[in-house]
Structure formats: structure tokens, C-alpha cells
Amino acid sequence: MGDSGTNGSHSVAALPTSPLLPIRTPRKAPADDPTADGEPVTPTARLMEPIYIVVTLGLGCPVNLPVFSAGIAAQLARYPRFCSIQVTDEANGGNPRWVRTVVNVDDHTIIPTLDPVAVAADPDRAVEDYLASLPALPMDRSRPLWEFHFLDFPTSEATSTAVIRVHHSLGDGTTLIALLLASARSAADPTRLPAMPEQPARTGAIYAPRPRSKGGVLAFLAWAWSYLVLAWNTMVDVTLFAATIAFLRDPHTPFKYVDHGAASSSRRRFVHRSLPLEDVKFIKNAMNCTVNDVLVGATSAALSRYFFRKSGANNTSKICLRSILLVDTRPTTSLQTYVDMIDSGKSNDVDWGNQLGYILLPFHLAMHDDPLAYVRKAKKTVDRKKSSLEVIFTCKMGESFLKVFGLKAGAFIFGRMFANTTLAFSNLVGPSEQIEFYGHPVVFIAPSVYGAPQALLVQCQSYNSTIMVSLSVDEEIIPDYIQLMDDFVESFGHIKDGASRLSTSVKQE
């Protein structure tokens, strides 16, 4: 990024502009390069053109730039997508492809010059303001599309901060987290990879077919009925997905653009709060649900709290908004498999592409006297979505549509899907213990994104003993975004209190 100095140090104002489309060049990869033929950029990755991932890492020590840079050069910069650029040439029919290039780590490590007075007055705000400046700073497309920004001063959360910015075409959440984990080590034992929590086994996306019982007629009928329900739910969900692309729109709320063309990444704000994982699991166990059910319920409660205060609507009103839920279509074992492959030097065998399907997940806004009602409703909604092949159909439909009608038509559908819904929601699983990144202990991980044409994006990430809830908001649409973030914390607290009362009453019976 830019013509930086020896260590990538420069002021924000000094950052140069760069082209926003893949460059045209006859450049060739080395003959011994495994991607010398130029692996095509997948249509799904090309749809991610405007979308970037921003990961904030709170570090437990000051930044040792030489050590950090050496670690990046030895590991991260060697991986296929992190040492490749998108190249478009006429010989390839104008379609972009990945071509290996030489990586100079100094070009990707940035130490911005910030106002020392502002940093001293409010270091947390200084970090937030710097994050907000990133969407306005284009990346240099002649280099691999990733950067490390280092803010080497203490905040209320960490001793220093590292910010990773990656273009979404390099991979989806699974592959990028796998890459992060393969580059990290356990803080308790730096000789081994970080430990990951056990995940429920499934071979594909969300739905696991009901096993056929060896029982009698009733068992057979139950098995057959489960497939009839699956077929019906899938048909309904795919029909609603098509209707959303064509005409079905969410109602206007304080979370949604009035004019979709007014969407802008230059007004993005990134904020986060941590929730104790122990408390999330306590609610999960008390209500016999999943961690994801708890997070969806807490999100519904927070959005409801904000909406009814902001809009002044009658507390008896009920509104249904929809979120785009991005779902990895790989088996749940893929993350650990990819980590092991990368760590063993087989990173070329990793499928680095974006393998994402989409679910239209309803969020119900209402004021409930019982805070546990939000979790119950979330569980019912998510369970219903699990009995559907919506995510598989949307993934395959999107790929087929791109192949048949081309990128422009695919981008139109992609845009309509975002325009007619209200928010995007995702939940990622991270290490179950503290990690260190090139000798730097990681205190927290807060991922987020920008570039999607929605005013609100919610990202949850588990790490060690916490779950980080991150918001990416358009501050013109949601100017009091700190209040919205506070609503998440307060709503979660009410849900935990309700679960405590429920648990106490069960013990007394």
C-alpha cells in the first residue's frame, strides 16, 4: 500500500490512490510456480469485488515490528492467495486469474502517523477513528490484497493493536481463520497449534439427514416424513429467496437505507464488545439450545430495544426483518483439516475460494416481558432453517447463474439480495485458548467487513473465554451506534438474568 518507508510508516494523508479494478498486464508467473498457468478467479470471488475483511487484534505487548515482519515473511506471505495478484489480459479472454508475484513484506506493514494529542486524550477513540479511515483508502492492486496496520499504543483493552485488512476474494471466513490459526501458536505451549473447540459433525451445510431407523412402520414413516418436510421447507425458502431478488423488501426501519444508492463505505464505523463465553454457554444449557441460538436471540433483543426507543413505535407492535446469513458449505471438519494442511506445508492443496451459501434469516422485533422469549423465538427460527436445503440451493443457483448469464447479472442479483434485506449476520468459531501471533499474545479478535451495501453488519467471533460481537455500521444511518452496541450488552444481561431465574426454579422443583 502506497510508497511507504522502510517499515511502512507514513501518515494517513500520505496514502496514495490505486486502481479499483484488476490490472491488465502480460506478467508471467515463474515456471516452477504451481499456479503458473494462472488459476481463474472464481465468479463468486469476483462478486466479492467491493468487500473487504477487517480484523482487529488486541495484543498483550508492544509491537516488535522486526519480529512480526519476519513471521509474516516466513509464513503468511508464502501462502498462495497471499502472494498472488489478480491479472487480466486479453489472451485470457479478459477474465482475471491468480498469478504469483514477489512479496515485499514492508509494502504490507503500515505504521500510521496519528495525532499524538488525540491518542493521549482518548486512545480507544483514536483506534476507532483509524479503523473508520480504512474504507476510504484504496489498496494497491499491483500487490497482493492484504495489509497489517500497527497501532503501537495502549488502549483500555490491549497494550497495542494490529489491524489486518484483506480483500474478500482471497478467501472466506473458514480459509482465512485457518490461515490465521496455522500462523499462530498456543500461548500456553508455543510448540503446538492453538486448540479448537469441538464442533458438531456434519458433512455439508447445516442440514444433516435424519438416519433411517431399523424400527417398524412408524419409524419408517417418521424417516419419510422428515424428507417431505425438508422438501417443502426448501421449496418455500427458495421461492422466498427468488421473491426477495424480484420484489420482496423488508420494511423501512432505522437500520435500513431509504435510498439504496446512498450506501457508502466511507462512513463506516467499527465497534465491538465482548460477552463472557461461560455466560453464553450457561444460557445455552439452561434453555437447551445452541450458542448460535443465544447470539441470534440476543441480536433480536438488542435490535428490538434500539428500534422501539428510536422509532417511538407502540410496544405492542411486531416487525420482522431479515438478515443475510452467510454459511460455509464445507463440512465442519474443514477448518481443522485446513489448519493441519497449512501447518504441514500443503497450503497449495487448500481450497482457498469462497464456498458460501446464503440463508434469509428472520429477526423478529418485539418488546417481550420475558427476555428468554427472544432466545426461544431464535431457536424456533434457526431450527426451521436447519430443516431446509436453502443454503445449498442458493449456493448452486448463484454459481449457475454466474456461469450462464455472466458477472454483471450475478452482481445485480447479489445487489438486490442485499438491498431488499436489512442486515448481514455471521458467527465464526475461533480458538478455545489464548494464542500468540509471531510472539505477540493476542488479547482479543474482532473481525468485521465493509463494502456490502447494508447499513448494519453483525459479526460474532468466539475466542478463548469470550465471544466478540462486532458491528460495522454506516454512521449516517445509525449515528448513535455506541448506544446500539450498549443495547447488545444490556439485552444479553437481561437474557442471562432470565436464564438464572429459570435455572433456579428448575432446581427448586
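Tutor: Here is a short tour of a predicted model, with the reasoning behind each term.

Student: Let's begin with the whole chain. What does its secondary structure come to?

Tutor: The chain has 13 helices and 18 strands. Of its 509 residues, 52% count as buried. Among contacts with a separation of 6 or more, 80% are between residues 24 or more positions apart.

Student: How many disulfides are found in the whole structure?

Tutor: A search of the whole structure finds zero. A disulfide would need a pair of cysteine sulfur atoms within 2.5 Å.

Student: Is Cys395 buried or exposed?

Tutor: Cys395 has a relative accessible area of 7%, and buried means under 20%, so Cys395 is buried.

Student: And why is Cys320 called partly exposed?

Tutor: The value for Cys320 is 36%. Buried means under 20% and exposed means over 50%, with partly exposed in between, so Cys320 counts as partly exposed.

Student: Now to strand E8. What makes it largely enclosed by the rest of the structure?

Tutor: E8 covers residues 146-151, and six of its six residues are buried, so the strand is largely enclosed. Trp146, Phe148 and Phe150 point one way, while Glu147, His149 and Leu151 point the other way.

Student: Which strands are joined to E8 by bridges?

Tutor: Strand E7 (residues 109-113) is joined to E8 by two bridges and runs parallel to it. Pairing takes at least two bridges, so E7 and E8 count as a pair. Within that pairing, Ile110 stands opposite His149. Strand E9 (residues 160-167) is joined to E8 by six bridges, and these two run antiparallel. There, Trp146 has Val166 as its bridge partner.

Student: Which residues touch the most other members of the largest nonpolar core?

Tutor: They are Leu57, Phe148 and Phe437, in a core of 67 residues. Strand E4 (residues 52-59) gives this core its largest share, six residues. Apart from it lies another core, of 48 residues, including Leu295 and Met485.

Student: What is Leu57 in contact with, beyond its neighbours within four places in sequence?

Tutor: Its contacts include Ala162, Ile164, Phe437, Val442 and Phe444. Contact here means heavy atoms within 4.5 Å.

Student: What is the strand order in the open sheet of six strands?

Tutor: The order is E11-E18-E17-E14-E12-E13, and the pairing is mixed.

Student: Why do E11 and E13 stand at the edges?

Tutor: E11 and strand E13 (356-365) each have a single partner strand, so one side of each is left without a neighbour in the sheet. On average, neighbouring strands of this sheet are turned by 25 degrees against each other, direction ignored.

Student: In what sense do E14 and E17 pair?

Tutor: Strand E14 (residues 423-428) and strand E17 (residues 456-463) pair in the parallel sense, over six bridges. Within this pairing, Ser426 stands opposite Gln459.

Student: Let's turn to Asp250. Why does it count as buried?

Tutor: Its relative accessibility is 8% and the limit for buried is under 20%, so Asp250 counts as buried. Asp250 is found in the loop between helix H6 (217-246) and strand E11 (268-276).

Student: What makes the pairing of the Asp250 and Arg322 side chains a polar contact?

Tutor: The distance between these side chains is 2.7 Å, and a polar contact needs N or O atoms within 3.5 Å. Asp250 is also in contact with residues including Lys256, Leu321 and Asn420.

Note on methods: Residues are numbered from 1 along each chain as its sequence is written. This is a predicted model: local features need pLDDT of at least 70, side-chain atom pairs count only at pLDDT 80 or more; totals for chains, interfaces and linings use all residues. Side-chain values use heavy atoms; hydrogens and water are left out. Helices (H or I, at least four residues) and strands (E, at least two) are DSSP runs, numbered from the N terminus. Buried means under 20% relative accessible area, exposed over 50%, partly exposed in between (1.4 Å probe, protein chains only). A polar contact is a pair of N or O atoms within 3.5 Å; within protein, one must be able to donate a hydrogen and the other to accept it, and residues adjacent in sequence count only if both atoms are side-chain atoms. A nonpolar core is a set of buried Ala, Val, Leu, Ile, Met, Phe, Trp, Tyr and Cys residues joined through side-chain atoms within 4.5 Å. Axes are lines fitted to C-alpha atoms, for helices over the stretch in contact, and angles run from 0 to 180 degrees between N-to-C directions.
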